[in-house]
Each structure stands twice: as C-alpha cells, then as structure tokens.
Amino acid sequence: MVAAGATVAQLQAQSPLDPLDNRILLCHALGLTRVGLITQSERALTEDEAQRLSALIQRRLDGEPIAYIVGRREFYGLPFNVGPAVLIPRPDTELLVELAIEHLPPSGRALDMGTGSGAIAVSLAHARPDAAVTALDVSPEALAVARGNAELNQVAVRLLESDWYAAVGDERFDLVVSNPPYIADGDRHLSEGDLRFEPPGALTDFADGLSALRTIVAGAPARLAPRCWLLMEHGYDQAVAVRALLAAQGYTDVQSWRDLAGIERVSGGRRP
C-alpha cells in the first residue's frame, strides 16, 4: 500500500484516508509532530516505516477507530490513553464536565459512575483540585486505563471496582455524575462506525436504553448530600424520559442542558 522511498509530502497528497486521519497516522507511524510533517516533507520512508504505515492505514480502512489505532484521544484539553476496554471520549461529554465543575461546591466530594477511561473524573479533578473525586466502574480493565490516565494527568482520583453504587455503600457526595450505557438494544448505530469496535457493555444496557439511568436515579438520593445535584448524559431523544424519571423520584430543579449541536444531552436535578 505504501512503498519504501515515498516522501512525507507524497503521502499527504495521495492517501485513501480522510486528510486528518492520514496526518494523525503519519505522525504516529513516523514519530513526527504536525510541524514535522512540513519541515520533513521530503523525508523518504524506509522499508520498515512503509510497512508500519501500511498496516495502520489498513486498520483504519477496516473501520477501526483512529483513537484505538494511536491509543490516545484528547478530551477537555487533556490527553487520555484509550483502548478496546473503554469508550473513546467524545466532545459531547465535555458538556457534562462543564456542568460538574459548575455544580460541585467548593472542596466538594464528587462521584463519577461508570468512569471508563476516567475522562470525566480526571477532567473534573484537574479543573477542580479542591475536590475529592471518586470514580467507579464494574470493569477492572477500564479501571486500569482510568488509573493510568489519572497518573498521566497528575491528578488524584479514588478508583473503585463497583457494580453501580455497591462499593460506596452509604457514603455521601456533593455531586453524582454519569455517562452510562444508554443506547437501546438492537439500535442500528451499534453496528455502525466506531461503535462496532467499542465495548458493548459501555454503550448499551441490552434493554430499552433507560435501565442504567433508572438505577442511577433511584440510588443517588441515598448518596447525595441535601440539595446536591445528580447530572447524567443520555441519548439525543431521551431528555423527556430522563426528566420524568427524576421528577418521579422527587428531585427538584429538574432540567436538561443542550450540547453545541443544540441537542438536550445532559439532564439532572437536585436531591430533595
């Protein structure tokens, strides 16, 4: 696919990939920065480099997410290591982090449910060094990734293996946040794009898409300090249903917030 002797400039001009994906893989395969793609444009690839780049390009052509191929994704301005054990952090979820920063009281205690790569917990701990952040996940593999990302970004996050609230018992927090599995079982999106490669249990509840959200809503009052917030990311068409779940449990100030695309992406309420 890529011939030895081809130059960096030629490979940028002629590629079967999207130009951005191509630049990312070139940098990754050749150990170059974005500036290096310009300053070393006449660099010719060795045989080993050509084979390595060809293998990466084929993986991308087969549909593997670019973040898994290079093993990293930026989120909320921070670097995160990712792999098949965790979801790839997405820009939509930055809204949840912004709301968490805003709604967590000074020196507050925050709980992140189903942390995955640790993107939410680590970003919150980085932005709010006054906070005590706890993050839960049922997957030991995911927790290992999250632990590495906390170390990478030099923040302190308490990480616990837990089936939802089990590991925290009756501890109280000043904020509970979650980006749980919310895609309904059988949704066509699960067989499209990057989602084909991501861990199914982090994407879908294997039910109606609301079962994890129900569990979080029902369990949060026993773990929240009075008048403190529960904030949850959900699907593009689930805001009405999630607000109804919150209202039925007696939460107050129930509302939804829109992402940059204008979609109601996060809903929440205060513990009564």
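Reader: Let us take it that rings of Phe, Tyr and Trp, with Trp represented by its six-membered ring, pair if their centres lie within 6.5 Å. Which residues then form one aromatic cluster?

Author: Phe75, Tyr76 and Phe80 form one such cluster. Please note that the model is predicted.

Reader: What does the count of aromatic pairs come to?

Author: The count comes to three aromatic pairs. In one of them, the ring centres of phenylalanine 75 and tyrosine 76 are 6.5 Å apart and the planes stand at 40°. Planes under 30 degrees apart would count as stacked and those over 60 as edge-to-face, so this pair is tilted.

Reader: Is phenylalanine 75 buried or exposed? And what is the relative accessible area of tyrosine 76?

Author: Phenylalanine 75 is buried, because its relative accessibility is 1% and the cut-off for buried is under 20%. Tyrosine 76 has a relative accessible area of 28%, so it is partly exposed.

Reader: Which tryptophan residues form an aromatic pair?

Author: Tryptophan 229 and tryptophan 257 do, in an edge-to-face arrangement with 6.0 Å from centre to centre and 65° between the planes. Tryptophan 229 belongs to strand S7 (residues 224–233) and tryptophan 257 to strand S8 (residues 252–258), so the pair ties together parts that are 28 residues apart in sequence.

Reader: Are tryptophan 229 and tryptophan 257 buried or exposed?

Author: Tryptophan 229 is buried at a relative accessible area of 7%. Tryptophan 257 also counts as buried, with a relative accessibility of 16%.

Reader: On to pockets. What is the volume of space in the largest pocket, and which residues lie nearest its centre?

Author: The largest pocket holds about 1100 Å³ of space. Its lining has 48 residues, and Leu87, Pro180, Pro181, Ala202 and Leu203 lie nearest the centre.

Reader: What gives the most to the lining of the second largest pocket?

Author: H2 gives the most, with six residues. Helix H2 (19–30), helix H3 (34–39), helix H5 (66–70) and strand S1 (72–75) each contribute at least two.

Reader: Back to H10. Which of its residues are buried, and what covers them?

Author: Ala212, Leu213, Ile216, Val217 and Gly219 are buried in H10. The elements covering the buried residues of H10 include S6, S7 and helix H11 (239–248).

Reader: Valine 240 is in helix H11. Is valine 240 buried or exposed?

Author: Valine 240 is exposed, with a relative accessible area of 58%.

Reader: Where is threonine 134 found, and with which side chain does it make a polar contact?

Author: Threonine 134 sits in strand S4. Its side chain makes a polar contact with the side chain of arginine 158 at 3.0 Å. Threonine 134 is buried, at a relative accessible area of 4%. Leaving aside residues up to four places away in sequence, threonine 134 touches Ala110, Leu111, Asp112, Arg158, Leu160 and Phe173.

Reader: What does the side chain of serine 162 reach?

Author: It reaches the backbone oxygen of tryptophan 164, at 2.5 Å. Serine 162 lies in the loop between strand S5 (157–161) and strand S6 (173–178), and it counts as buried at 7% relative accessibility. Apart from residues up to four places away in sequence, serine 162 touches Leu136, Asp137, Val138 and Ala167.

Reader: Finally, how many helices and strands has the chain?

Author: The chain has 11 helices and nine strands. Its C-alpha trace spans about 65 × 40 × 35 Å along the principal axes, and buried residues make up 49% of the 272 residues.

How values were computed:
Residues numbered from 1 in each chain as written. Predicted model: local features only at pLDDT ≥ 70, side-chain atom pairs only at ≥ 80, totals over all residues. Heavy atoms only, no water. 1 Å grid on protein atoms, 1.4 Å probe; cavity = no way out; pocket = protein on both sides within 12 Å on 5 of 7 lines; lining within 4 Å. Points joined across faces, edges and corners; volume = space filled by probe spheres on them. Helix = DSSP H or I, 4+ residues; strand = E, 2+ residues; numbered from the N terminus. Buried < 20%, exposed > 50% of the residue type's maximum accessible area, 1.4 Å probe, protein only. Polar contact = N/O pair within 3.5 Å; in protein donor to acceptor, adjacent residues only side chain to side chain. Contact = heavy atoms within 4.5 Å.
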